[in-house]
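This briefing is meant for a reader who is meeting the structure for the first time.

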Number of protein chains: 4
Amino acid sequence: MKAGMVGLGKMGFNMAEHLLECGHDLVVYDLMEERVADLAAKGAVAAASLQELAGMLDAPRLIWLMVPAGDPVDRTIEQLLPLLERGDSVVDGGNSHYKDSERRASRLGQDGVNFLDAGTSGGLEGARHGACIMVGGEKAAYDALEPLLKALCVENGYGYMGRSGSGHFAKMVHNGIEYGMMQAMGEGFNLLDASRYDFDLEEVSRVWAHGSVIRGWLMELMVQALQKDPNLAYLKGSIADSGEGRWTVEAALEHEVSIPVIAASLFSRYRSRSDENLSDRAVAALRHEFGGHAFIIKP
Amino acid sequence: MKAGMVGLGKMGFNMAEHLLECGHDLVVYDLMEERVADLAAKGAVAAASLQELAGMLDAPRLIWLMVPAGDPVDRTIEQLLPLLERGDSVVDGGNSHYKDSERRASRLGQDGVNFLDAGTSGGLEGARHGACIMVGGEKAAYDALEPLLKALCVENGYGYMGRSGSGHFAKMVHNGIEYGMMQAMGEGFNLLDASRYDFDLEEVSRVWAHGSVIRGWLMELMVQALQKDPNLAYLKGSIADSGEGRWTVEAALEHEVSIPVIAASLFSRYRSRSDENLSDRAVAALRHEFGGHAFIIKP
Amino acid sequence: MKAGMVGLGKMGFNMAEHLLECGHDLVVYDLMEERVADLAAKGAVAAASLQELAGMLDAPRLIWLMVPAGDPVDRTIEQLLPLLERGDSVVDGGNSHYKDSERRASRLGQDGVNFLDAGTSGGLEGARHGACIMVGGEKAAYDALEPLLKALCVENGYGYMGRSGSGHFAKMVHNGIEYGMMQAMGEGFNLLDASRYDFDLEEVSRVWAHGSVIRGWLMELMVQALQKDPNLAYLKGSIADSGEGRWTVEAALEHEVSIPVIAASLFSRYRSRSDENLSDRAVAALRHEFGGHAFIIKP
Amino acid sequence: MKAGMVGLGKMGFNMAEHLLECGHDLVVYDLMEERVADLAAKGAVAAASLQELAGMLDAPRLIWLMVPAGDPVDRTIEQLLPLLERGDSVVDGGNSHYKDSERRASRLGQDGVNFLDAGTSGGLEGARHGACIMVGGEKAAYDALEPLLKALCVENGYGYMGRSGSGHFAKMVHNGIEYGMMQAMGEGFNLLDASRYDFDLEEVSRVWAHGSVIRGWLMELMVQALQKDPNLAYLKGSIADSGEGRWTVEAALEHEVSIPVIAASLFSRYRSRSDENLSDRAVAALRHEFGGHAFIIKP
C-alpha cells in the first residue's frame, strides 16, 4: 500500500520505519530535512514539500499526519487541503483533542476529504515494533486504512471506535487510565521504600511483572527503570503532563462523571512541580494561628 | 467549685487561668515547677506532687488532666489511682485516642472512680476565653462536672456525647473535619494566588470572614495569618499533624465509611513533608521509559 | 442613593428589600410582574420594562443585575446597552463565569459604560440581612458603588478584588472552598453516625457551632438542618451543583494548581447522583474475573 | 519434592493440582473431606487429620497453608506446632497481615520451626497454571522451598523479599496498587460510557489489551468481563474488599506516606456499598439551608 507520512519526530519516524519494513511504500515529509533523508536511506521516497508529497501519491491519497497536537495539525491541514481531491483521506495519528478532530473532520468533509482521528498508544517501542491504534471517522475510510493499521499494530491492537472524534476520545481516556495506573504504582513502590523492610525494589518489580494480577507493560517498564538505579535517584520527582490527563478531567466535568482517582493522579503531578506553594503554607499557618503549633521558618 | 488541674502546658495553663477568673478554686500540679508557681501567683493553690494535690481536695474529688496524649496520661492515672476514692472523677481533657479512653474508663470504673473523656476545641484562645468541650462517660459524673464546663466554655459550647470514648471520638472527628476545611481553604487561596488577577489575599480573607457562606473562625484566623505577610512567606509549607487526622481515617477504615476528602487532606500533609519521594520519581521514570519523555536530572 | 435593580428572584428580591429598608431609592424590573408589584408595595418604583427603568434613572445610572448566569445576563445587557450613556454602570451580582465578565466588561467599555462583576455570598439570609460581596472592575466605578455595597453587606463584608473578572473569580473560588468544607462536614457526621456510639447529631452540631475551631455559618446551618430531623431522612442524598465547583476545577486545570480536596468534593456530588454506574460495575466485575469473588446479581 | 498442603479452597486446590501435575508429591488435608478425596483422585495422598499429614511427611517437613487469613491460620498453626520438629518449615500462602506473619515467625522460631510468609498473586488461573509469589522469612528456608516455588509460578514470577513479614507486606502493597489500577480502569470505562460517542466497550478493551501502554492482565480480564455483557448489567456495582486495601492505607498512615489514589480507590468501594448515606444527605441539606436550593424528597 502506498501512503504519505508527514511528521517524522520520535513517533512518526519509528512508525514510518516499521511500515517500510512491512513492505509498504511511503512518501515522507518533515520540516527537518535530515529526518527525511534518514528515512529515504531506509527506502522511503523523500518529498521536499507537502506539494511534492501530494503530487507523488495517486488518488485516492492516504496521508498520515504525525505532527504535534494543536496548531501544527491545523497548519498542515490548511496547506494540504488545496492539494487534495475528493475521496482522499487524512489521518491524524497524534494526541489531538477530540473536539479539534470533530471540527477538522467537518471541515475536510466539506471538500469531500475523509479525516480519521487515530489515537496511537504503545510508546516509542510500539511505534517501532507494533502499536495500538484507536480510530474514529467514516467507516469506509477506516476500512481503506486497515492494511496500514494491520502493519502498524500488534495483532488485535487496532479497532474502529465510531464517528469522528471517538478515536482521540478513546486515546484521551486511555491516557487518563494510564495516569491512574502509574500513580498507583508510584504510591505502592513509595510505601515499600518507606517500610521497615529492606526491599530490593527491582526484584519486587520483576516478580510483579511475572504472573501477578498487576502485571503488564507498565510493570515491565518499572523493571527497566529500576534496573538503571534501584532508588531512581537519577531523576527529580517532577512529573510533566502532556495534556490528555487534564482533557480527561475536563471531559468528566462536562459529562458529570466521577473520576476521583484519575483527577487525583493529575493533581499529584501538578503538586510534584510545586514544592513551595501557598496551599501548604496556608494550612501550616492556620495550625499555628489556632494552636500555637510550631512551624518551620523559611530558610 | 473546687477542682484539681494536672498539666499546665499551653492549653492547661490557659484553662486554669480562665477557671480562676471565673471564681473556681483550683489545686494545680505540673512537673515544671515554674508553671505551678505562675498559676499560684494568679490565685491557684500549688501542689508539689500528685499526692499533695489529691490530699488538698475533698471527696468526691474532681481532677482535670491536661497532659499530653498517650503514655503521660496512663502514667498520671497510675499514680493518681491509689490516691483516689470511690466516687472521685478524673477528666481527660487532652487529645487522647477514644479507645484509650474506653480502656481507662473501664480500669478506673473497677475502683469506683469515674472517668470522663473531654475533647477540647477552640485552640489557645478558646482555652483562655471560652472553649468548646465534648464529654463522654457516665451521665451522673458529667452532671457533676457541668459547673466547670459552663465556666470553661462559651455559651452552648459543651455537651454530653454519650458513653465513655464518645467525647474523644467526637473530638477526633471534629479534627478530621478541620483538616478538610483547612485543606479546602489552602487550595482556594493557592488558586487565587496562581490566577492572572492580582488578588490581595488578606483583603479577600477579610471579606470572606464577614457575611460569606464560608465565614467562621478558621477564616478569621486566615485573616490574622495573612496580616503578618500576605504571601505567608515567613513559613515553609511543611504541615505537621498531631494524630487525630490519622485516627479519623483509621476509624473510617474500621467502620467502612468513605471519607475521601478528609483522607486527601491528611495525605496532602504527608506529601508536604516529603519534597523528594519515590512516588513522584517512579511516575516520572515510567513516562521516560515508554515515551522517551525528558526528565529533570537530579542536581 | 438611587439605583435600578433588574431580576427579582429569591436573591434579587431579598437584596432589593434590604436596600429599601436602608433608605435607598430603587427602580425595579423583572419579567414576573407580581414580583415587581410586591416590591413596589414595599416602596420601590416599579418599571414595566428596561426602557422605563433606564428612563427613570438619572445619569450616571447605576443598574444592578440579579438575573440567572449565562444567556439571561447577555440578553439583558444587549437590551440595556442602547438605553445607557457613557459613565453609567452595570453591576452583575449573579454567579457568572469570570471569563464572561471579562468579555462583558470589555464590550460595555467600548461604549464607555462601566461593568462591575460582583460575586455575592451569604445565601438568602445574607441577601436579606447582610451579605458578602466581592467586586471586580474599574476602581472608580467601584468607589461610586460603595454606598450600595455598604448597605447590602455586613460590616467589613465587601471589598475591591481587582480588574474585571476578579470579583466573579473570587466568588467561584469561594464556592470551591465551600464545596470542600461541606464535604468534610458530611464525611465527619457520617462517621459519627456509623460509629458504635449513639451520637445525637444535632447536639454535636450545636456544640461544634459554639467555640470550636470549626465553628462558622455552615456549622450553624447544620444545626438548623439537623433540628428538622436528626437523621436528615427527609431528603435523598443526591447533591446538585450549580457550576462554580466545576469552574473552580477547570480554573485549577488551566493554572496547573493542585486542588485534590475541592475536586474530590465535586466528584462526590457527581457520584451521589449516579447510584448505578459502570465504574463500580467494572471494578466488581474485575474482582470476579481474577479471583472468582462473588458479586451481587442485579435484581 | 514432597510437601504437605493444608487448605484446599479455590486457591489451594488449584495450586495443589498444579504441583501434582509438575510431579511433586503432596499430602493434603482440608476440613472438607470431599476436597481431599477429589485431590486424592488426582494423585495426592489424603490425610484425615493434621496429625496424619505430619506423620506422612519426613523431616524436615514442608507444609504449605492455604487457609483463610486470620484465626484459621493461628488455629492451624497451634494444632500443627506440637507435631513438628526443629528444622521443619511452615509456609503461609494466604493473604495474612504482615504483622501477624512477623508474630507467627517469631512464635515458630522459638521451637526451631521456620515460618515463611508467601504472598500469592495471579488469581485462580495463576494458582492453576502459574502464579506469582513473594516470600519473606529466613533465606535458608526460602532456598529449600524454591523447587516448589519454581513449579508453582511462571518463570521469574517468584522472589525472596526479605525478613519475615516482607512477603505479605509486598502482597498487601501489590493489592493496594491493584485497587488503584482497577479504579482507574472503572473510571475510564465509565467516562467512555457517558460520552456522546457510541463506544463498543468490549472492542475498546480488546484494542487496549493489545499493544497499548495500559495493556496487562487486568485489561485482558476486562475483555472477558465485557464479553459476557458489554454493559456489565449482570451485576450490581457493589464492590467488596477483602482487607489488603485497608491494610495498605493503615500501613501508609503508620509510615506517613501519601497514597491518595490507593485510598480514594478503597473509599470508592465503601461508597459503592452505601447508596444512602448521611454524608450526601448532609451536603444536600446544607445547600438547602443556605441557598434555598431544592432537594429531592425521599420517596
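Between chain A and chain D, 16 residue pairs are in polar contact, counting pairs in which both residues have pLDDT 80 or more. The model is a predicted one, and the points below should be read with that in mind.

**The contact between chain A and chain D**

- The elements of chain A that give two or more residues to the side touching chain D are α5 (98–110), β7 (131–136), β8 (153–162), α8 (166–194), α9 (201–208), α10 (217–228), α11 (244–255) and α12 (260–272).
- Of the elements on this side, α8(A) gives the most, with 18 residues.
- Sorted by class, the side of chain A that touches chain D has 36 nonpolar, 24 polar and twelve charged residues.
- The contact draws 72 residues from chain A and 72 residues from chain D.
- The area that chain A and chain D bury between them is about 6,000 Å², and 69% of this lies on carbon and sulfur atoms.
- On the side of chain A, the residues that lose the most area to chain D are A:Leu191, A:Tyr197 and A:Val213, which together make up 13% of what that side buries.
- Four salt bridges are counted between chain A and chain D, and the side chains of A:Arg196 and D:Glu254 meet in a salt bridge with a distance of 4.0 Å from N to O.

**How the copies are related**

- Chain B is superposed on chain C by a rotation of 180° with 0.0 Å of shift along its axis, at an RMSD of 0.1 Å.
- For this pair, 100% of the contact residues of chain B recur in chain C, and the same surface serves both copies.
- In chain B, the residue that comes closest to the rotation axis is B:Gly216, at 1.8 Å for its C-alpha.

**Local features of the backbone**

- Most peptide bonds are trans, and most residues other than glycine have a negative phi.
- In chain C, the peptide bond from C:Ala59 to C:Pro60 is cis, with omega near -5°, and C:Pro60 lies in the loop between α3 (50–56) and β4 (62–65) of that chain.
- In chain D, the peptide bond from D:Ala59 to D:Pro60 is cis, with omega near -5°, and D:Pro60 lies in the loop between α3 (50–56) and β4 (62–65) of that chain.
- C:Leu232 is not a glycine, although its phi is positive, at about 50°, and its place is in the loop between α10 (217–228) and α11 (244–255) of chain C.
- C:Leu232 counts as buried, because its relative accessibility is 0%.
- C:Glu256, another residue other than glycine, has a positive phi near 55° and lies in the loop between α11 and α12 (260–272) of chain C.
- C:Glu256 counts as partly exposed, because its relative accessibility is 37%.

Methods:
Residues are numbered from 1 along each chain as its sequence is written. Chains are lettered from A and ligands numbered from 1 in the order in which they are written. This is a predicted model: local features need pLDDT of at least 70, side-chain atom pairs count only at pLDDT 80 or more; totals for chains, interfaces and linings use all residues. Side-chain values use heavy atoms; hydrogens and water are left out. Contact means heavy atoms within 4.5 Å. Buried area is the accessible area (1.4 Å probe) that two parts lose on being put together, summed over both. A polar contact is a pair of N or O atoms within 3.5 Å; within protein, one must be able to donate a hydrogen and the other to accept it, and residues adjacent in sequence count only if both atoms are side-chain atoms. Helices (H or I, at least four residues) and strands (E, at least two) are DSSP runs, numbered from the N terminus. Ala, Val, Leu, Ile, Met, Phe, Trp, Tyr, Cys and Pro count as nonpolar, Asp, Glu, Lys and Arg as charged, and the others, Gly among them, as polar. Copies are superposed by least squares on the C-alpha atoms of residues with pLDDT of at least 70 in both. Buried means under 20% relative accessible area, exposed over 50%, partly exposed in between (1.4 Å probe, protein chains only).
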